[in-house]
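Work through the exercises below with the model open beside you. Try each task before reading its solution.

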Amino acid sequence: MRKLLFLFVLVAVTGCSVGKSSFSPGKKYSPQQVQKDYSIYQTILEQSHPGLYWYTGKDSMDNYFRLGAGQLTDSMTEPQFRKLLTYVSARINCGHTSVRSSRSYSKYTDTARIKIFPLSMKLWSGSSPSEDDTAVVTASLIRQDSIFKRGTVIKKINGRPVNEIIDTLFDYISTDGFNRTHKLQSLSNRGYFGALYTSLFGLSEKYTIEYADSSGQIRSAILPVYNPVNDTFNRRAIRPVISLPQPSRKERKQQEIASIRQLRIDQDNHTAFINLSSFGRGYQLKSFFRKSFKALQKNKISYLIIDVRNNGGGSVTNSTFISRFLTDHRFKIADSLYATRKKSTYGRYIQNDFWNRLFMSFFTKQKNDGYYHFGYFERHYFKPKKHNHFDGKVYVLIGGNSFSATTLFVSSVIKQENITVVGEETGGGAYGNTAWLIPDVRLPETGIRFRLPLFRLVIDKNYPSTGKGVQPEVEARPTIDAIRHGIDFKLGKAMELIKIDKASSGSR
């Protein structure tokens with residue numbers, strides 16, 4: 001019996017290890033498999049996506065669906081099929097509709113030491129339509145690199161002009177409406193440009209990069225691909241291995257919370273800074289807001305800077321809660337909020353489908369237009385907080401990463417006289433978005449997932465539906481010099497406005 005038990009355990013362990021290592025990123029799926037997944041993908045979007053034809057007309061969207069289906073004539077790897085789905089999804093112009101890899105592929109990429117594009121860059125558009133986009137190096141992964149320092153302007157990569165590359169990458173980035181700022185900021189986020197560039201143009205062992213030197217002269221240099229395997233060996237060779245005590249689970253959670261929200265007070269200048277990287281649940285934000293605004297009152301703060309440049313959204317309850325400490329008027333978060341239908345033919349592939357339908361049954365009501373409206377938020381006005389309400393000058397910093405619930409927060413306060421919104425256009429749509437409930441859909445053959453927003457939200461029906469984000473009242477755009485020297489140009493602009501206000505107040 002012991003021998004049999006040992007043999008059973010050995011087979012089980014061996015089987016598990018073989019299964020884990022047998023995953024191949026180059027595995028191909030038959031035309032029948034990808035066609036089945038594509039049909040399910042298209043049907044679910046057509047049945048349940050409330051903004052499918054918001055910015056792209058039905059005829060155009062139908063053409064894109066046909067274009068995608070027409071390419072499914074041969075076997076495809078997951079990355080190839082995922083690239084096609086990403087292109088079609090981006091045509092919807094919905095920032096909450098995006099494609100993700102299968103769980104197996106995600107596990108593979110999390111552990112595999114994959115060669116990657118060696119540069120990170122900050123990209124922004126020209127100040128006028130005739131001006132080219134700008135791409136500036138923020139970091140190089142090649143440690144021996146003495147050329148591509150922070151602030152170096154990139155002109156071409158492997159013979160392709162930067163503008164041509166950006167235009168191609170844009171076709172695979174989902175955004176609310178026609179928001180270029182969000183797409184450029186996405187490409188500026190760590191690792192995003194390199195990953196998308198590689199998926200579309202392939203991986204090179206060496207990159208020929210054309211750049212402008214410090215005198216403005218156009219030069220060219222070759223930069224090798226970044227290989228983490230080699231870099232790991234180099235680091236081990238030059239650095240001693242030191243065993244450090246690992247933080248406890250509680251300490252790790254506290255560190256995570258601290259990275260999401262932070263209050264700093266400059267008592268000498270009567271100025272406070274609130275950094276908010278998320279409105280998500282689990283960060284004790286309501287408690288943080290109560291304590292923060294109490295501290296502002298206690299310290300007699302006159303100026304408050306709220307930084308939501310990297311806030312991708314989260315809970316509307318949290319974004320609304322901070323608005324109530326700032327706003328001087330009643331406000332709604334939506335003129336309309338509704339789902340187009342409760343049930344999908346392929347509900348078994350939709351995450352939490354039963355609970356989502358139960359939610360709609362309890363909290364929505366079908367109206368004459370046939371849609372399921374969340375009436376509470378369409379009717380309810382939120383009132384300003386009386387206790388510890390902040391009445392000083394407020395400067396809200398925004399940018400292309402300001403998304404979803406963050407856009408609702410900015411929209412609720414932007415018209416107020418004592419509040420000034422500084423920076424660049426928000427990534428989230430000013431007119432509205434499709435979000436609220438956003439389950440994952442898992443396609444059965446490939447395991448590829450895509451996000452499916454179930455509700456359409458219109459913030460202000462009187463706002464023009466131009467497909468743009470919330471525009472700043474005071475613009476603060478990046479410059480080559482600011483990137484080169486690590487200058488926080490948006491925070492600098494807010495501090496400049498405070499200085500001007502202090503001088504003006506002192507003269508009165």
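Predicted model: local features only at pLDDT ≥ 70, side-chain atom pairs only at ≥ 80, totals over all residues.

**Exercise 1. Which members of the largest nonpolar core touch the most other members?**

Solution. Start with the term. A nonpolar core is a set of buried Ala, Val, Leu, Ile, Met, Phe, Trp, Tyr and Cys residues joined through side-chain atoms within 4.5 Å. The largest one holds 44 residues, and Tyr 38, Tyr 41, Phe 81 and Phe 450 touch the most other members.

Then see which elements contribute. Helix H2 (31-48), helix H3 (58-69), helix H4 (78-90), strand S13 (336-339) and strand S21 (455-458) each give two or more residues to this core. H2 gives the largest share, six residues.

Zoom in on one member. Not counting residues up to four places away in sequence, Tyr 41 touches Phe 65, Leu 85, Val 88, Ser 89, Leu 443 and Phe 450.

Finally, look for another core. A second, separate one has 33 residues, including Ile 260, Phe 279, Ile 301 and Phe 390.

**Exercise 2. Why do the buried residues of H13 line one face of the helix?**

Solution. First pick out the buried residues. In helix H13 (residues 353-363) these are Asp 353, Asn 356 and Met 360. Seen down the axis of H13, they fall within an arc of 65 degrees, so they line one face. The arc is that of the directions from the helix axis to the C-beta atoms. The general rule: an α-helix has 3.6 residues a turn, so residues three or four places apart point the same way.

Turn to the other face. Away from the buried side, H13 carries the exposed residues Trp 355 and Phe 362. The cover over the buried residues of H13 includes S13 and S21.

**Exercise 3. How many cavities of 30 Å³ or more does a search of the whole structure find?**

Solution. The search finds two. On a 1 Å grid over the protein atoms alone, a cavity is a set of points where a 1.4 Å probe fits but cannot get out; lining residues have an atom within 4 Å of a point. Grid points are joined across faces, edges and corners, and a volume is the space filled by probe spheres set on the points.

Take the largest cavity. Its volume is about 70 Å³. Asp 353, Asn 356 and Met 360 are among its lining residues. H13 supplies the largest share of this lining, four residues.

Then the second largest cavity, about 50 Å³ in volume. Its lining includes Trp 54, Tyr 55, Asn 93 and Asp 176.

**Exercise 4. In which loops do Asn 93 and Ser 404 lie?**

Solution. Asn 93 is in the loop between H4 and strand S3 (99-100). Ser 404 is in the loop between strand S16 (393-398) and helix H15 (405-413).

Check the backbone. Phi of Asn 93 is near 60 degrees, a positive value in a residue other than glycine. Phi of Ser 404, also a residue other than glycine, is positive, near 55 degrees.

Check accessibility. Asn 93 counts as buried at 14% relative accessibility, and Ser 404 counts as buried at 12%.

Note on methods:
Residues numbered from 1 in each chain as written. Heavy atoms only, no water. Buried < 20%, exposed > 50% of the residue type's maximum accessible area, 1.4 Å probe, protein only. Contact = heavy atoms within 4.5 Å. 1 Å grid on protein atoms, 1.4 Å probe; cavity = no way out; pocket = protein on both sides within 12 Å on 5 of 7 lines; lining within 4 Å.
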